[in-house]
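Subject: Structure for your files, with notes

Hello,

Please find the structure below. My notes on it follow.

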Amino acid sequence: MRVCLDEGAMSDRMCPMEEEELIERSKQGDLDCFNLLVERYQRQVYNLCLRMLDNTHDAEDVTQCAFISAFKGIGRFKGGNFRAWLFRIAANGCRDQLRLLRRRPTSSLDALPLDLELEDRRAPSPEEYAINQELGEHIRHALAGLPADQRLAVILRDIMGLDYEEIAQSTASSLGTVKSRISRGRARLREHLRQYVELFP
Amino acid sequence: MWNFFPRDFVCIYREMFKRKRECKKLKGMLSPYIDGQLSPSEVKGVERHIEECDACRRELESLRAVVGLLHRVPMVAPRRSFTIAARAPIRRPVALRALRVATAVAVLMLVFVFAGDALHLFEEGRVEDRSTPQEYTATSTPMDGEGLDTELKAFEGGYAWPVRYVELALMGVVVVLGGTTVSLWQRTRERERAVKG
């Protein structure tokens, strides 16, 4: 393990250590092992925070704090889905940040434009590109308009691609609650998007 | 009474209410249906209903469109790494806490001495109560140390114990302790910021 780290090989490809082993070593205070876990999950945790907070600066702060909290509290992780556990810490951080922003609203310039992925691989025409960007902005606003619980459930399901069971673990709620939140969140998004675009029949 | 309402009319209304109830129930099942979260019997029920109900079919199509759009939201690469930098264990907070308590105690003592001095609480032990300057001139010469003692006591404001020296010493202690506490606190904050990245 040490040799692996000394060589600077921090990725899964070069240092194929099992997740359980990394977690166990992290519990014993091995920061290098925990950093391997950070590298494995940082993209997903960051994207969850980014879509929840709609602000790159806040998303970076909350992501960093989530990993620090995770390292400090990894002794309390009793096994199971590590990704869901990380998402739960990040989601709690996002909720706290949203509460703080509600108390002290700021007009941030750090909102990242949401460029939707294109359906086909050919280069888009300028018109398609503009429509795509506009649609991305509407989705961003529609997501920001959802209540935090529904937004979290929809992001975890439709953007992060988690299954219902994992979402229930990440949000510490029952399967029924998850179903209901996703259903209501999607319905609200549809109503919001209907105001802007003639997408629907 | 039933004679006033044709039987067909009642049946149509009953059918309408039944359909409306079914639609309401189905709306909550469309999202799990898209995600494959329904049991086979529920799936059959949904499919049977949307074959007959245009409104619910449109509802399902629009929900699918929303889900399709959300699937196109890209995963963004973070601008920096969130790995945690290794640091020596931070022992400053313990020292900082002790220093803060010590500073607070010193400040309280200083305030007490100042207040006592201002309110003349220490005047009971005044030197002139026990010995007057006239006695000095009558019994001793200025060169035998008594004159120096008198000057010293004059600086002390005539108190039996050195209140002014105590005040000066306490002020020094407060300045040193306060300065150390502030500098340690700033260093700890910088360190914490660096850990957070």
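The contact between the two chains comes first. In this predicted model, 28 residues of chain B are in contact with 36 residues of chain A. On the side of chain B that touches chain A, the elements giving two or more residues are α1 (7-34) and α3 (54-71) of chain B. Of these, α3(B) supplies the largest share, ten residues. By class, the residues on that side of chain B are 16 nonpolar, eight polar and four charged.

Chain B itself is helical in its assigned elements: eight helices and zero strands. Read from the N terminus, the order is α-α-α-α-α-α-α-α. Chain B has 197 residues, and buried residues make up 11% of them. Taking the contacts in chain B between residues at least 6 apart in sequence, 72% join residues at least 24 apart.

Next, the nonpolar core. The largest one has 57 residues, and the members that touch the most other members are V45(A), C49(A), L86(A) and A90(A). Helix α3 (residues 31-53) of chain A gives the largest share of this core, 13 residues. Leaving out residues up to four places away in sequence, A90(A) touches V45(A), L48(A), C49(A), V62(A), T63(A) and A66(A).

Now a helix pair in chain A. Helix α7 (residues 148-159) of chain A packs against α9(A) at an angle of about 95 degrees, and the two axes are 8 Å apart. Because of that angle, α7(A) counts as roughly perpendicular to α9(A). On the α7(A) side the contact is made by D149(A), Q150(A), R151(A), A153(A), V154(A) and R157(A). On the α9(A) side the residues are V178(A), R181(A), I182(A), R184(A), G185(A), R186(A), R188(A) and L189(A). The contact of α7(A) with α9(A) has five nonpolar, two polar and seven charged residues.

L175(A) lies in helix α9 (residues 175-194) of chain A. Is L175(A) buried, exposed or partly exposed? L175(A) has 13 C-beta neighbours inside 10 Å, so L175(A) counts as partly exposed. Not counting residues up to four places away in sequence, L175(A) touches Y164(A) and A168(A). Between L175(A) and Y164(A) there are 6.7 Å in space, C-alpha to C-alpha, and the two are eleven residues apart in sequence.

Finally, two backbone angles to look at. Most residues other than glycine have a negative phi. D54(A) is not a glycine, yet its phi is positive, about 60 degrees. D54(A) sits in the loop between α3 and α4 (56-72) of chain A. D54(A) counts as buried because it has 21 C-beta neighbours inside 10 Å, and the cut-off for buried is 20 or more.

A172(A) also has a positive phi, about 55 degrees, although it is not a glycine. Where is A172(A) found? A172(A) is in the loop between α8 (164-171) and α9 of chain A. With 11 other C-beta atoms within 10 Å, A172(A) is exposed; the cut-off for exposed is 12 or fewer.

Regards

How values were computed: Residues are numbered from 1 along each chain as its sequence is written. Chains are lettered from A and ligands numbered from 1 in the order in which they are written. This is a predicted model: local features need pLDDT of at least 70, side-chain atom pairs count only at pLDDT 80 or more; totals for chains, interfaces and linings use all residues. Two residues are in contact if their C-beta atoms, placed from the backbone, lie within 7 Å. Helices (H or I, at least four residues) and strands (E, at least two) are DSSP runs, numbered from the N terminus. Ala, Val, Leu, Ile, Met, Phe, Trp, Tyr, Cys and Pro count as nonpolar, Asp, Glu, Lys and Arg as charged, and the others, Gly among them, as polar. Axes are lines fitted to C-alpha atoms, for helices over the stretch in contact, and angles run from 0 to 180 degrees between N-to-C directions. Angles under 35 degrees count as roughly parallel, over 145 as roughly antiparallel, 65 to 115 as roughly perpendicular and the rest as oblique. A nonpolar core is a set of buried Ala, Val, Leu, Ile, Met, Phe, Trp, Tyr and Cys residues joined through C-beta atoms within 7 Å.
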